[in-house]
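Have the viewer open while you read.

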Amino acid sequence: MPWYQNAVFYELYVRAFRDSNNDGHGDLRGLMEKLDYLQTLGVDCIWLLPIYPSPLKDDGYDIADFYDIHPDYGTLDDFKALLEAAHARGLRVIADLVLNHTSDRHPWFQAARADRNSPYRDYYVWSDSDQKYKDARIIFLDTEKSNWTWDEQAGQYYWHRFYSSQPDLNYDNPAVQEEMLNVARFWLEMGLDGFRVDAPPYLFEREGTNCENLPETHAFLKRFRAFVERINPEAVLLSEANQWPEDVRSYFGDGDEMHMNFHFPLMPRLFQALAQHDRAPIAEILARTPPLPPNCQWATFLRCHDELTLEMVAPEVRRFLWETYAPDPRMRLNLGIRRRLAPLMGNDRRKIEVLNSLLFTLPGAPTLYYGDEIGMGDDIRLPDRDGLRTPMQWDPSPNAGFTAPDVQPYAPVIDDPIFGYAQVNVAAQEAAPDSLLHTIRRMIAVRKAHPAFGGPRLEWVEAPREVAAFLRPGTEETLLSLNNLSAHPQRVTLPPGSFTGLLDNRTLRGEVTLPPYGYWWGMDDGR
């Protein structure tokens, strides 16, 4: 089994994690100080949000230099030291790589707009009209009115699928393809273990199409995969194709394209199932999820640095989820919800745990978002997604141990009566054996000890609709996961035989009653 199939990923924002030089911004040296924490948590791979020089109009996804580190975070030498320290602890590191676009401040774009005869002009997509590619949807409907923006200096429109400050690269230009391969080589040869590939469906444009998932895109991604594996055969490419499962399937190719892709449609259905006390949304989306090549894997998650996207649910379901989880309009963004896990659950520890139980026992490699392991809150007073990216809460000292007490952090540390750093912090939860942190740590340890959780097979167990009960058969073991999605006790008839508890010492057979929002993991003991 490739390492990533049963791995646990941990997504973190370097700016938010730990400030080592007391300038108010988290940095690579600060992350190095906390590697022991991540090793003890039990995760296998750290995923870093963009770390490159950037004007930060889109929190670093607007890259101004693919070959360096943002000065707030440190230097290339700091990054090399981080990789060495992580690898010494058995931790792998992947980083975001934005293939689709650059910042409009990138020297390539500045040269392109200044001179039609510049070789960089053809690095981007230009037009005298804004009427081309009319079938392509606008992704950021709340801020962008068109995928074309007029550039006065260039005297033409340029194409962008995201913000107008992020012009798309022109992958019909062979020089662009070579350039992005060189970017991958640069970081892989430094020791990086792979990339989370941002927004891969949009690389090419063709008239009469929606400019997504085109054959040309897949041809380049296959080339990209082969190139990456020649440099590091164990590197992983984790793709962010926010599409339906049957459409995402093509991004795995024949096991020769992306190693992994996030299962975006599953995520909102976990929240829907909990809100409706009914496993049907989970079962239905898994039923339409195609099998993958044996060397591939889904990445699963509950929350991340972006809004909880509701793009792939029916309009009536979207309205229901908004009303349930985001009653205040400030909690909503685009077609989603800009809240962390614990606030979404009303800080109900039972609901937080049962969702994590599903995350760790359903097929796919689980991905944790920094701070969710301690139940961190959010700050909806901050704009856009900034409220999801507040400083990590390490201890109850001023500024939560993120930076020095007398330093102004890049964003306010959460200080409300429920989620404030005085109540919610790593130090307090380390000292409390029954804390959420210890519970998540235990789930991770059990998950990693049983490879069947990393396999593709799932068999539903007959149970009340309020219960998500399923077997996870593997080559050497069969595991059982029971999850009560309701506020009432639920009685479940177990499959034949007896099951030994994985999170407790109980051995169960026959029937079991799950408490409200209760869960139980077991292993068929073969008797």
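## Strand 14 and its neighbours

Phe301 has Thr367 as its bridge partner in strand 14. This is a predicted model, by the way. Strand 10 (residues 297–301) runs parallel to strand 14, and three bridges join the pair. Strand 1 (residues 9–12) is also parallel to strand 14, again joined to it by three bridges. There, Tyr10 sits opposite Leu368 of strand 14.

So is strand 14 enclosed or open to the outside? Five of the five residues of strand 14 (residues 365–369) are buried, so the rest of the structure largely encloses it.

Elsewhere, three strands make up an open sheet with antiparallel pairing, in the order 4-6-5. Strand 4 (126–127) and strand 5 (148–151) are at the edges with a single partner strand each, so one side of each has no neighbour in the sheet.

Strand 5 pairs with strand 6 (residues 156–159) over four bridges, in the antiparallel sense.

## Helix 9 against helix 10

Two packed helices are described by the angle between their axes and the distance between those axes. For helix 9 (residues 266–276) and helix 10 (residues 280–287), the axes come within 7 Å and cross at roughly 155 degrees. Angles over 145 degrees count as roughly antiparallel, which makes helix 9 roughly antiparallel to helix 10.

On the helix 9 side, the contact is made by Leu266, Arg269, Leu270, Gln272, Ala273 and Gln276. Helix 10 brings Pro281, Ile282, Ile285 and Leu286 to the contact. By type, the residues of this contact split into seven nonpolar, two polar and one charged.

## Helix 9 against helix 13

Helix 9 also packs with helix 13 (residues 349–361), at an angle of about 135 degrees and with the axes 11 Å apart. That angle makes helix 9 oblique to helix 13. The crossing of helix 9 and helix 13 is right-handed.

Which residues meet here? Leu270, Phe271 and Leu274 of helix 9 meet Lys351, Val354, Leu355 and Leu358 of helix 13. The residues of this contact divide into six nonpolar, no polar and one charged.

Technical notes: Residues numbered from 1 in each chain as written. Predicted model: local features only at pLDDT ≥ 70, side-chain atom pairs only at ≥ 80, totals over all residues. Heavy atoms only, no water. Axes fitted to C-alpha atoms, helices over the stretch in contact; angles between N-to-C directions. Helix = DSSP H or I, 4+ residues; strand = E, 2+ residues; numbered from the N terminus. Parallel < 35°, antiparallel > 145°, perpendicular 65-115°, else oblique. Contact = heavy atoms within 4.5 Å. Nonpolar A, V, L, I, M, F, W, Y, C, P; charged D, E, K, R; others polar. Left-handed = near helix turned anticlockwise from the far one by under 90°. Buried < 20%, exposed > 50% of the residue type's maximum accessible area, 1.4 Å probe, protein only. Pairing = 2+ DSSP bridges.
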